[in-house]
Amino acid sequence: MSRHAMSSKQASQVKRRGHAREREFNRVYGYEDDDINHSGASADCEIREGHEILEELHSHIGSSSRSVSVKGGNTIQIHLGNLPELTDKERYRILSHGPTCVDHGVSFAEQVNFLKTPSFWNKYLKKGDVMAYSYDDGKHVFFNMDDVVNFICERIEWRLLHTGRLKGDFVSGNSKKQLLTYEYRSKKKSFVLGAHGGSKGREFIEVLKANLRHYTI
């Protein structure tokens, strides 16, 4: 398991902070009495009809949608659970523990093929047409989710570690910056995909800001 992996208590705290961000987002941009989405199967929040920010988002990021996926903190978790495109649930094997080594039962070439396909990210990341990152000071930065998906598919290069972890690097010229990780979490007996470890979530957002159209308020 990664030395950066969270305990279940830490994961619960992250989840609570995430829901607090969603409630704050609803208070400012949406409907304060909206239910929090606990399933993760749909958009986190909805911008209220007629809100002035909709015109700004249309102008700056080319989206008129009101459905929003809200992210925040040092870790951005994209998916926790089974990803059949990357790991065959019937064939994967735990090879060793501490650190955990995994054979996914899916070839690296097949994994990369999915990781370079927009439909994969539309399934696991696109829980809204707009992605909003919430800073601790209350500021938000908004992206067109299609821009984010295309960026990941086109600008992130993947490598397979001997442990079975997949690392996604942002490649720019002769430099690269590791941002995304897919790995097995032995405590949860599950796989996780996201920008996690240290402050990778914030780093991911800063890279997006440097390369994609966005709107900050």
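Biologist: Which residue takes a positive phi in the hairpin of strand 4 and strand 5, and how many residues lie between the strands?

Modeller: The model is a predicted one. In that hairpin, 4 residues lie between the strands, and Gly98 has a positive phi near 65°.

Biologist: What makes strand 4 and strand 5 a pair?

Modeller: Two strands pair if DSSP finds at least two bridges between them. Strand 4 (residues 93-96) and strand 5 (residues 101-103) have 3 bridges, in the antiparallel sense; they therefore meet the criterion of at least two. Ser96 has Cys101 in strand 5 as its bridge partner.

Biologist: Why are strand 2 and strand 6 said to pair, and in which sense do they run?

Modeller: Strand 2 (residues 67-72) and strand 6 (residues 130-134) run parallel and are joined by 5 bridges. The cut-off is at least two bridges, so the term applies. Lys71 stands opposite Tyr133 in strand 6.

Biologist: What is the order of the open sheet of 5 strands, and why do strand 1 and strand 12 stand at the edges?

Modeller: The order is 1-2-6-7-12, and the pairing is mixed. Strand 1 (45-46) and strand 12 (215-216) each have a single partner strand, so one side of each has no neighbour in the sheet.

Biologist: Why are Cys45 and Cys153 called buried?

Modeller: Buried means under 20% relative accessible area. Cys45 has 4% and Cys153 has 8%, so both terms follow from that cut-off. As to disulfides, the structure holds 0.

Biologist: How do you know that the buried residues of helix 2 line one face?

Modeller: The buried residues of helix 2 (residues 53-61) are Ile53, Leu54, Leu57 and Ile61. Seen down the axis of helix 2, these fall within an arc of 100°, so they line one face of the helix. The face turned away from this buried side carries the exposed residues Glu55 and Ser59. Just after helix 2, Gly62 takes a positive phi of about 75°.

Biologist: What puts the buried residues of helix 6 on the same side?

Modeller: In helix 6, the buried residues are Lys200, Gly201, Phe204, Ile205, Val207 and Leu208. They cover an arc of only 160° around the axis, which puts them on the same side of helix 6. The helix (residues 200-211) has 12 residues and reaches 16 Å from its first C-alpha to its last, close to the 16 Å expected at 1.5 Å a residue.

Biologist: How many cavities of 30 Å³ or more does the structure hold, and which strand gives the largest share of the lining of the largest cavity?

Modeller: There are 2 such cavities. The largest has about 50 Å³ of space, and strand 10 gives the largest share of its lining, 3 residues. The lining residues include Thr100, His104, Arg165 and Phe191.

Notes
Residues are numbered from 1 along each chain as its sequence is written. This is a predicted model: local features need pLDDT of at least 70, side-chain atom pairs count only at pLDDT 80 or more; totals for chains, interfaces and linings use all residues. Side-chain values use heavy atoms; hydrogens and water are left out. Helices (H or I, at least four residues) and strands (E, at least two) are DSSP runs, numbered from the N terminus. A disulfide is a pair of cysteine sulfur atoms within 2.5 Å. Buried means under 20% relative accessible area, exposed over 50%, partly exposed in between (1.4 Å probe, protein chains only). The expected span of a helix is 1.5 Å times one less than its number of residues. The arc is that of the directions from the helix axis to the C-beta atoms. On a 1 Å grid over the protein atoms alone, a cavity is a set of points where a 1.4 Å probe fits but cannot get out, and a pocket is an open set with protein on both sides within 12 Å along at least five of seven lines; lining residues have an atom within 4 Å of a point. Grid points are joined across faces, edges and corners, and a volume is the space filled by probe spheres set on the points.
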